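Please keep the display open while you go through the points.

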Amino acid sequence: MKPIDFHLHRPTTLAEAIALLAEHGDDAKVLAGGQSLLPLLNFRLARPEHVVDLGRLTTLRTTRRTTDGLTLGAMVTYARAEASRAVAEDAPLLAAALPFVAHKPVRARGTVGGSIAHGDPAAELPAVIRALDAVMVAAGPRGVRRIPAAEFFVGNLVTALEVDEILTGIDVARPARGTGAAFTEVGRRQGDFALVGAGAQVTVADGVVVDVRIALTGIAGVPHRATEAETLLTGVPPADLDLDAAADATRAVIAPSGDLHATADYRRDVAGVLLGRVVATAVERATGHAHRAA
Amino acid sequence: MRPRRDGRRGCPVTATPSAPAAAAPDAHRYLSQEAGVREDRRFVAGRGRYVADVTPPGTLHVGLVTSPHPHARIVDIDVAEALALPGVVAVLTGAELAKSTEPLRQYLDVPEVQWRPLAVDATRYAGEWVAAVVAESRALAEDGAELVVVDYEPLPHVMDPEVAARADAPLVHPTHGTNVMAHREFAWGDVAGGRARAGATTTVRTRWNRNSTVPLETFGVVAAWDPHRELLDVWASIQMPQFPDQLAGALRIPTNQVRVHFDIDVGGSYGVKRGIKHGVLAGFLARRLGAPVKLIEDRSENMHGGDFHGPDRVFEVELAYTADGEFTHLRIDVIDDEGAYPGRSPLQLAKPIGAIVGPYRIPSVEYNATAVTTNKTGQVAVRGFGQSPTNYAIEAAVDAAARDLGMDRLELRRRNFIQPEEFPYRIPSGTEYDSGDYPAVVDKAVRAADLPALIERRDAVRAEGGLAGIGFAACLEPSGGNAIFENVMNPRNDKTTFPEGCRIRVDGEGAVTAVVSISSAGQSHDTMVATLVGEELGVDPAGITVLRADSLAGFPSQSPVGSRMAIVLGQAIRGAADELKARLCAIGAHQLGLAPDEVRYDRGSVVAHADPDAAVGWRDLVAIAHRKQHLLPPGASPGLEVVHVAHTPRSGTLAEPDGTVQLYPCYSFEVHVVLAEIDPGTAKVELRDYVIGHDCGTVLNPEVVRGMVYGGTAHGIGVALYEQFAFNPDGQPLTQSFIDYLLPSAHEVPDIVDVEHCTPSPYTTFGQKGAGEAGYMGAPAAVAGAVNDALTARGAAPVHSLPITPSDIWSALRATREEGPQ
Ligand SMILES: Cc1cc2nc3c(=O)[nH]c(=O)nc-3n(C[C@H](O)[C@H](O)[C@H](O)COP(=O)(O)OP(=O)(O)OC[C@H]3O[C@@H](n4cnc5c(N)ncnc54)[C@H](O)[C@@H]3O)c2cc1C
């Protein structure tokens, strides 16, 4: 479990980092918090000849509030995001999901951008990003691109980023008043990558649910945006929400696979259970009281 | 001198009226005190010294080429490219190694089963070592290993132990002719009578899937050969009896040329740190290359190439009982999957014979044990040496019988417990249990758990539509390990003692040093030895130095296996202390002009029986012994240096042909009570309350015992709910790192309440019994029992395969939804 011999680069500017990637292309890998990349290197599953450490790019470590939301620097650690008031207020679903990511030591180093760029379908943040329709900002030799979440996650550990692009930040829109969010998951142990996870953000206005965003982890190669459930829940007064029907709608369209830790049937069923739970909690948070219909 | 052997037994901390030999609380000065654990200082400060910290100048590092196939013929190995890599020093293949070494030891009589550090003609599991690359660094060695080209011809493989036992199964060792390595059928007691008296029987099939103790420190070894002194120095993270001798044997060098250093901290083991193949490989390379060689497993190698998996068993247990729930007969059929190379692991089927009826009165027993090979990683000794899976199977059968009888599970147990006045109690398989008071321990645990309140909480959860259950397990920890099970499984192994030694030296200034020749893997032997020597001599343990002699400077020792050190080393310390005191008494008596039997030793002084004021103090005694020949009794030798080697208590007999034998001497008891709640939506288990009643006789150090109880329980919770070394049908390991091999963390292990009870053993120096396997012996059964209580209350079938995953629970619940009324 020793990595192959590689060159470590520690650029101090984004331009320098991009130039390194442009030069080494396929032979290079970006290093953020290292919480996924270092095991991959040690197992020799990743074999880059050049590793470009983003640790000195301090500009990527900031969280900025904008007129319509939040721009999270890619190198903001989970721990910093968890402690951020801006995140709590402007991205409540992200705030709800962060405590579920791994354990504190991993959250102290792992980064928001690293998780999203890694694109693990079992990870919390990609699902949150997908639910929120956040926009990924990527910089490369050909300039800056803005990539919507719906296009960003392409497959298991595959994203729309090109090999010479760096994810610099994530734009998250500020939710309307009357919004609540919730995240939950089930894993074999606390801190493990979950067997299934679910996040929901619900906005209630004038006594009806006007916006629902639900995404699931662990049931496909990319986060599952549960539009089939969202459709059933939108436009309905909170007290009349049929969460069982929503859960069943999602169970009907997903096709998770089974492994050592849980069968496909288990994942499918529990995805529906968790979906019901997070929507109920999100509605409660949006309205200030419980609404779960019997 | 005072007849201490009878007078100083007892349980000062937890003396209760039911503890027969409970002595006055002041009978012990240092035992049983909350006196701290001296090892903690260095571990907490990060100053342990592990094998990875040992790097002699010029050390070379080993990387391993491992088999990707579960079974394959090795057609060709091309090492040229690897050898050409700068920094690579040598590449060794199995064929080359086999030329100048002996195969590794098999404990069964299976000459056709050849186990070697590197596979020779065929590989028999995915992960098996095929070649070793030696380089200037471990990273370079791994680079080299990638360049070794092995041409394999895949062969049919078998992964399921029951399939492997069939006549038409692919053979793991074709020349052996069968995958069945051992099959023994035992019947003890009046089987026909026991069956005839039964009104009914309950049969359960339980599956104990493969898990192990998975230490934080992987196995490591450093070997260095000095050709001028003709000495092989070995530092290894071992916990293995006869390691030096087996190393020498395999390397074909005299045993007195192998010096294993025991002053190395071992970062966890509980049985698994055997590493004989690692040692032979490193030792061979060190001699061949004339340089120190270091082999530290990485996590994947450890998990799949280290041959350290634990028992992997299928049980069928049939319990027969009367209408009142009195047990009349027990049948246990078990198949154990040894993996590719059986080694010592099949003996783990024999040890449970010494506690085959658990804590119950069961007059007759049939025990049919089969060991098979498959194309899985090799198995090795794991905490309890086969006892924990057996305890789980028995307890699962007891729970199932209670369900069939419609009887309270605890009541059924109580009804069948061996009663305190029945000890020593001979079980049908010939072993005598030394002592115990099972009802008293259960009472304590029930009180500490506030069982009625626990039941109320469980029922409240159920009333709200939730799932909750309470689990119980009552079981024994045989302790004071001897190796007589070797003889049970293979009559040609006629070893009947398993000794342990200790040296006590009092130097010229009167300071006391105790020397043992074992390494420790977290069992706090420094604390134990200092405490016991202090108690024996009446000197403060804090001032006693404890050292580890190497294997050549030391004395016979079997290493801390079989929950035995408090017992057997305790015996050795008693022997050494008695000899030392006899010498001091001789000196003192001579000085006082008295006969040796007119004085006694008392806390460092020699005192005349007749006149307490006539005494010779420590300083004078020491000075005479070391420097004043003119004051020594005539013929007495100088110095105060004593070595004593002790047998295991009650050892020394071979097994009868029917397998009856006195196995271990001491039997600790524990009962677990646990409340589990299960999320009905996700089927996830949360353990809410966990109480253990535990009786290991006299507690030498309460903190150490609690550590064993807590850690062992965590280990057992892992077995019940999380841990498994899994393979897919293609023979590939699915658990190669801690991503998939799930150890319970502080999140998963609830607060554990341990209530101690003390029934001293009559066969040990202070009434102590073993505690090293505590917690682990009962937790799997208790946790599974709690889950099954929740499931069966819902009409679901109990799950009898460990670990129980949320997915398993969900499937069991779904079956009721599908079958039951809509
Ligand atoms: C014990 C443990 C438990 C874990 N449990 C969880 C869990 O429950 N949930 C979870 O989501 N994750 C979990 N993880 C993974 C963790 O969240 C990782 O931190 C995260 O996946 C990657 O973030 P990082 O900053 O560490 O990225 P790195 O490991 O440094 O990089 C990950 C990948 O992303 C690429 N990358 C990183 N940053 C950028 C960038 N700005 N632009 C382009 N590419 C980039 C890298 O090249 C690499 O391929 C766990 C990790 C560990 C060690």
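The points below take up the ligand, then several strands of chain B, and then some backbone details.

1. Before anything else, please keep in mind that this is a predicted model, and that every value in this note was computed from it.

2. Let us begin with the surroundings of the ligand, where 31 residues make up the shell, the closest being Val30(A), Gly34(A), Leu37(A), Tyr78(A) and Thr111(A). Sorted by class, this shell holds 17 nonpolar residues, ten polar ones and four charged ones.

3. Which atoms of the protein lie 2.7 Å, 2.6 Å and 2.9 Å from atoms of the ligand? A polar backbone atom of Leu37(A) is 2.7 Å from an oxygen atom of the ligand, while an N or O atom in the side chain of Thr111(A) is 2.6 Å from an oxygen atom of the ligand. A nitrogen atom of the ligand, in turn, lies 2.9 Å from a polar backbone atom of Leu167(A). The ligand taken alone would expose 950 Å², and the protein buries 88% of that area. Strand 2 (28-31), helix 7 (112-118) and strand 10 (166-173) of chain A are the elements that give two or more residues to the shell, and helix 7 of chain A supplies the largest share, namely four residues.

4. What are the pairing partners of strand 10 of chain B, and in which sense, parallel or antiparallel, does each pair run? With strand 9 (residues 220-226) of chain B the pairing is antiparallel, over six bridges, and here Val221(B) stands opposite Ala236(B). The hairpin of these two strands has four residues between them, and in this hairpin Glu230(B) takes a positive phi near 55 degrees. With strand 11 (residues 258-261) of chain B the pairing is parallel, over four bridges, and Trp235(B) stands opposite His261(B). On its way from strand 10 to strand 11 of chain B, the chain passes through helix 8 (residues 243-251), and this β-α-β crossover is right-handed.

5. Val54(B) is found in the loop between helix 2 (38-44) and strand 1 (60-66) of chain B, and it counts as buried because its relative accessibility is 7%, which falls under the 20% limit.

6. Strand 8 (residues 200-208) of chain B likewise deserves a look, as it pairs with strand 13 (residues 313-321) of chain B in the antiparallel sense over nine bridges, with Thr206(B) and Phe315(B) as bridge partners. Two bridges also join strand 8 to strand 29 (residues 801-802) of chain B, and these strands run parallel; there, Trp208(B) stands opposite Leu802(B). The peptide bond from Leu802(B) to Pro803(B) is cis, with omega near 0 degrees, and Pro803(B) lies in the loop between strand 29 and helix 21 (806-819) of chain B.

7. For strand 18 (residues 467-479) of chain B, 13 of the 13 residues are buried. This strand pairs with strand 26 (residues 666-678) of chain B in the antiparallel sense over 13 bridges, and the bridge partner of Ala473(B) is His672(B).

8. Some backbone details in loops remain to be checked. The peptide bond from Phe423(B) to Pro424(B) is cis, with omega near -5 degrees, and Pro424(B) is found in the loop between helix 12 (409-416) and strand 16 (425-426) of chain B. Gln242(B), a residue other than glycine, has a positive phi near 60 degrees and sits in the loop between strand 10 and helix 8 of chain B. Asp450(B) has a positive phi near 50 degrees, is placed in the loop between helix 13 (438-449) and helix 14 (451-463) of chain B, and is partly exposed, with a relative accessible area of 41%.

Notes
Residues numbered from 1 in each chain as written. Chains lettered and ligands numbered in written order. Predicted model: local features only at pLDDT ≥ 70, side-chain atom pairs only at ≥ 80, totals over all residues. Heavy atoms only, no water. Near = heavy atom within 4 Å. Polar contact = N/O pair within 3.5 Å; in protein donor to acceptor, adjacent residues only side chain to side chain. Areas by Shrake-Rupley, 256 points an atom, 1.4 Å probe, with all protein chains shown as cover. Nonpolar A, V, L, I, M, F, W, Y, C, P; charged D, E, K, R; others polar. Pairing = 2+ DSSP bridges. Right-handed = clockwise from strand over helix to strand, strands pointing away. Buried < 20%, exposed > 50% of the residue type's maximum accessible area, 1.4 Å probe, protein only.
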